Amino acid sequence: MIYSRNWALKLTVCIFILSATTIVNAQTLKGNVTDTEGTALENVGIFNQTSGQHSHTNLSGAFSLTSTSVNDSVYFSNLGFKTFILVVNQDHLTNGINISLEESSINLEQVVVVSKVDAMSRIVNVDVQNDPVKSSQEILRKVPGLLIGQHAGGGKAEQIFLRGFDIDHGTDVAISVDGMPVNMVSHAHGQGYADLHFVIPETIDNVNFGKGPYYADKGDFNTAGFVDLSLKKSVDKSMVSYEAGQFNTNRFVGLFNILENGKSSAYVASEVYLTDGPFDSPQNFNRLNILGRYNYKDIGKEELTITASHFQSKWDASGQIPQRAIDQNIIGRFGAIDDTEGGQTSRTNIMLNHTKFLGEDQFLKTRAFVSKYDFELFSNFTFFLEDPINGDQIRQYEDRTIMGAETVFEQIDIAVGTDDRFKYSAGIGLRNDNVDDVTLEHTLNRKTVLEQYAFGDVDETNMYGFVDGEYKTGNWTFNPSVRFDYFNFDYENKLSEVYDNKSESKAIVSPKLNTIYAVNKDWQLFLKTGLGFHSNDARVVTANEGRDILPRAYGVDLGTIIKPVDKLVLNATLWGLLLDQEFVYVGDAGIVEPSGKTRRVGVEVGARYQMLDWLYLYSDVNYTYARSTEEADDEDYIPLAPDFTAVGGLSFSDIGDFSGNLNYRYLGDRAANEDNSIVAEGYFVTDLNLNYHIKNWTVGVIVENLFDTEWNETQFATESRLFNETASVEEIHLTPGTPFYLRGKVSVSF
């Protein structure tokens, strides 16, 4: 018995000593990360190779990493900087540490794939940095699986394809710039209209995106996904660039650093773009952009960014042409049936983004914006179907003011027990769209109004709130969240002889749950689930007395991101998305059409490979099965829904003074109508960009459609009638894709 008591005592002492040792050894490492000039670095990936714990720096560059012991190896990784490896000693644990990262060329070795719900966004920014955006059309193409098409002279918002959606101009993807929404609700040309042409490509810092309805801070239109462009807060050097090429193309860009004084910096940017395009009837396209940005940052206290920009554009267009007109040699591929199409638009924005540091782990983020926008578009899709004498040209017009604000409180790094961590954010916001004189009318040669189909004012308000949590325990990260949205729709019909104003309102709750398992710093498994929605046009809502105002979207993603070696990243996702009944306002015809319930399931795979220090390759392949769930078999195709897409390319740099990119995009054949009797032909197009650097000068060549492929950029199954026809025909109507297009570019930085 004495022996037993001694044994028990010794065991108790051993357990106490081990526990004490663990308590002493397993501590929290805290510190700050900056660049070599002392500027705080946000979102630096931090990973403890020994314990598997991971973290990121906050807005002030501060971090904390739990379960850290003496002699642990801790990695600090951030795009554009050399990865720093810290071997922890007791002084680090006791007094904290300041890490200074050295700048380096962008490569995949700097990527850590764990713990982020939108981890692919950080990885794809390697693509963006290796192949900077060269035109406004390329901005959205940086999102894997997203393709676009232009079909109205270059000035109209692009048609978007993503995850088996023909999104039109933005119905099912939420697009924003530094948090300011781009999608226009109840727009004259259709719900969700998203025109990004007010963004100067050279001012883009990175492209943030997420697929599916899984993000609490994203609301309306976030069904297939979201895209948020972040603009540069400052520029290191001023730059002037001039570009000239085929089709009377001229483009001037200037970025000018006008203030760099301690905590403050400011720059202005401008762009002028002129082109006639490849069409037989010149586009006479012109676009002017100007932007000014001021940033004030007092590390550990506050940061303020004020942005003002103005954009205006005007163009002529050849529109969509019927295939039979080409086949019968009535016109060529770049001809027109009605070359009086075209339009003009402008947008003026003022944005304010402010972050207040309330404490070591607390932040208050506030943003506000005001936009003044106008839009006028002349189109003719059916030619002489409705009016065999004057033709079917229509005019769409609106004058809009958008105002909004959002405030988000963030509490990060809350200790839960010894090793677990919790953080959360909670936000409230509002947006109001006041749209005057929303017009749809029948016109002749842009001059004469023959008939008014619709004319009224829209007033639409969205108020919302959300709570987003993140709990880390061991290798697991759980991200539960919920969002609440309230909408009020108001439409006054000004064609009525008496006062005719209708109003409807609706609220919706959208819960979400994302789960991530980090096998190690180079391997993430994830399961994302959530509910989302997109609002319907105010004219639809009031016309249908409030039925089906906010159709639901139900999404699930199961996938992985893995970095098997330092220079290779692979990703794969299985996903599904169900959409409830929705009513869609067809702005081109002034009617309401139900689209029914839909189901989409798909698989996405991608690879990024830093083959050599100077050679970077990437590719993304997507397959989607998209069908209506309320139609009979073989009549349930979703028109223009892409089923197979692929994008990819290679980038090279530092080959002497040369750098460049070779990219491709592929869109497979797809059904253009519900029974697949009309097929929209696919395409494979390749672009090339070469640059030669001489000190602070860069001379470049840009080639779109390198192999001069004959392709159709946009296609629709449309019923139309030509002037000499006695009966209408339904067939493919297309906008031809750009042929071989050569431009030269010279820029200088100073």
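**Nonpolar cores and aromatic contacts**

Leu196, Val199, Val227 and Leu229 touch the most other members of the largest nonpolar core, which comprises 89 residues. Helix α3, spanning residues 119-130, gives the most to this core, contributing six residues. Apart from this core lies another, of 16 residues, which includes Val33, Phe63, Phe81 and Ile97. The model described here is predicted. In soluble globular proteins, nonpolar side chains tend to be buried together.

**Surroundings of valine 227**

- Leaving aside residues up to four places away in sequence, valine 227 touches Leu140, Val143 and Leu146, as well as Val173, Ala174, Ile175 and Ser176.

**Aromatic pairs**

- The structure contains 23 aromatic pairs.
- In one of them, the ring centres of phenylalanine 422 and tyrosine 424 lie 6.2 Å apart; the pair counts as stacked because the ring planes meet at 25°, and the cut-off for stacking is under 30 degrees.
- Phenylalanine 422 has 27% relative accessibility and therefore counts as partly exposed.
- Tyrosine 424 is likewise classed as partly exposed, because its relative accessibility is 29%.
- Phe644, Tyr664, Tyr666 and Phe684 are linked into a cluster by ring pairs.

**Charges over rings**

- Arginine 483 places its charged end over the ring of tyrosine 464, at 4.3 Å from the ring centre.
- The ring of tyrosine 637 has the charged end of arginine 627 over it, 4.1 Å from the ring centre.

Key:
Residues numbered from 1 in each chain as written. Predicted model: local features only at pLDDT ≥ 70, side-chain atom pairs only at ≥ 80, totals over all residues. Heavy atoms only, no water. Phe/Tyr/Trp six-rings, centres within 6.5 Å; stacked < 30°, edge-to-face > 60°. Buried < 20%, exposed > 50% of the residue type's maximum accessible area, 1.4 Å probe, protein only. Lys NZ or Arg CZ within 6 Å of the ring centre and 35° of its normal. Core = buried A, V, L, I, M, F, W, Y, C linked by side-chain atoms within 4.5 Å. Helix = DSSP H or I, 4+ residues; strand = E, 2+ residues; numbered from the N terminus. Contact = heavy atoms within 4.5 Å.
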